[in-house]
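This report goes through a few parts of one protein model. Keep the sequence and the structure at hand while reading.

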Amino acid sequence: MKLASLKRGGRDGRLVLVARDLSRAVEAQAAATLQAALDDWQAVAPKLEREQAALEAGKVAGSFAFEPADCAAPLPRAYQWADGSAYVNHVELVRKARGAEMPESFWSDPLIYQGGSDAFLGPRDPIALADTAWGIDFEAEVAVVTDDVPMGVSPEAAGGHIKLVMLCNDVSLRNLIPGELAKGFGFFQAKPSSAFSPVAVTPEELGAAWDGRRLSLPLLSSLNGALFGRPEAGVDMTFDFPTLVAHAARTRPLGAGAVIGSGTVSNRDPDGGPGRPVAEGGLGYSCIAEVRMVEKILGGEIRTGFLAFGDRVAIEMKDAGGRSIFGSIEQVVARYDPPA
């Protein structure tokens, strides 16, 4: 199934089923919101599957053209947003940028932080912030959505609780991060609202690209229309999704609708190097912080700036046939205009 939430029907949106080619949609009858569906997934999912089949067969009344611009995030707000750092190459690079050593334990014990989930951005919403001096950066990620996860679940069992997959832009304010982390209490102001793809899909929609643990397809990022990164999401993922879910649930249960992020998708070069830009034949990067650190490592100086007002970021993933799976995240960086 492919599911989206339109910006109508209240803060939690209106759940719609979306055709596999992303051309058309229809309002779901089995549940009004995605959260309601996840709250009773075992009973509701089969009904939604029948509705999806009717949409695909052209046997449903009331379908309409699907417009990503009309979408909120699949879950416009969630009870839980926990973002990991499964790609340790990314962790190593951004820590170097802050002058911080990488503990050996980072290769065996996942990093995860609890983000703000009360105001997710839709796939076409602007990245509205007050000051570019904060170091505005995008981070292209894969995220999963769970049903109810019991505390202490094993990684082997955790995979069965993954019900949906989607893409994420985990916006970061790089120049605020060092000061916050120096306090020893984690991120807060450095992590504004994250955006998600127009569509969330059930794992079976991904076919052979999903093995129950990782999504093995390139994650495409562009900046101002130019390809910025195309790393393979299934490569160099030190901690897979069941491991991240189990880690998040070690000391607490996770409620239905919990969103777990992969962290920035990041690949090393085949020779073990930190990665090369797309223009130099490499796979590029899923955030600006990485290219800045690579510039410093290889050339001694940083040449690339963070995002400026008016910059355009796009994030997408395509199947083996070149078709968009989740629809694209397309955002413009805009100056925040506070309410009067």
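## Nonpolar cores

A nonpolar core is a set of buried Ala, Val, Leu, Ile, Met, Phe, Trp, Tyr and Cys residues joined through side-chain atoms within 4.5 Å. The model shown here is predicted. Its largest nonpolar core has 70 residues, and those that touch the most other members are Val-142, Val-165, Leu-215, Met-317 and Phe-326. Helix H6 gives the most to this core, with five residues. Apart from this core lies another, of 31 residues, which includes Leu-38, Trp-41, Leu-48 and Val-259.

Leu-215 can be followed in more detail. Leaving aside neighbours within four places in sequence, Leu-215 is in contact with Val-142, Val-165, Met-317 and Phe-326, among others. Its contacts also include Leu-206, Ala-209, Trp-210, Ala-233 and Gly-234.

## Helix H6

Helix H6 covers residues 241–248, and six of its eight residues are buried, so the helix is largely enclosed by the rest of the structure. The buried ones are Phe-241, Pro-242, Leu-244, Val-245, Ala-246 and Ala-248.

What do the buried residues of H6 pack against? Four of the partners are strands: E6 (112–114), E9 (140–146), E10 (162–169) and E16 (259–261). Helix H4 (155–158) is also a partner.

## Two residues with positive phi

Most residues other than glycine have a negative phi. Leu-22 is not a glycine, yet it has a positive phi of about 65°. This residue is found in the loop between strand E2 (14–18) and strand E3. Is Leu-22 buried or exposed? Its relative accessible area is 15%, so Leu-22 is buried, as the limit for buried is under 20%.

Asp-236 also has a positive phi of about 65° without being a glycine. Asp-236 lies in the loop between strand E15 (226–229) and H6. Its relative accessibility is 32%, so Asp-236 counts as partly exposed.

Thr-33 lies in the loop between strand E3 (24–27) and helix H1 (34–39). With a relative accessibility of 17%, Thr-33 counts as buried.

Which backbone atom does the side chain of Thr-33 reach? The side chain reaches the backbone nitrogen of Ala-36, at 3.0 Å. Not counting residues up to four places away in sequence, Thr-33 touches Asp-12, Gly-13 and Leu-15.

Technical notes. Residues are numbered from 1 along each chain as its sequence is written. This is a predicted model: local features need pLDDT of at least 70, side-chain atom pairs count only at pLDDT 80 or more; totals for chains, interfaces and linings use all residues. Side-chain values use heavy atoms; hydrogens and water are left out. Buried means under 20% relative accessible area, exposed over 50%, partly exposed in between (1.4 Å probe, protein chains only). A polar contact is a pair of N or O atoms within 3.5 Å; within protein, one must be able to donate a hydrogen and the other to accept it, and residues adjacent in sequence count only if both atoms are side-chain atoms. Contact means heavy atoms within 4.5 Å.
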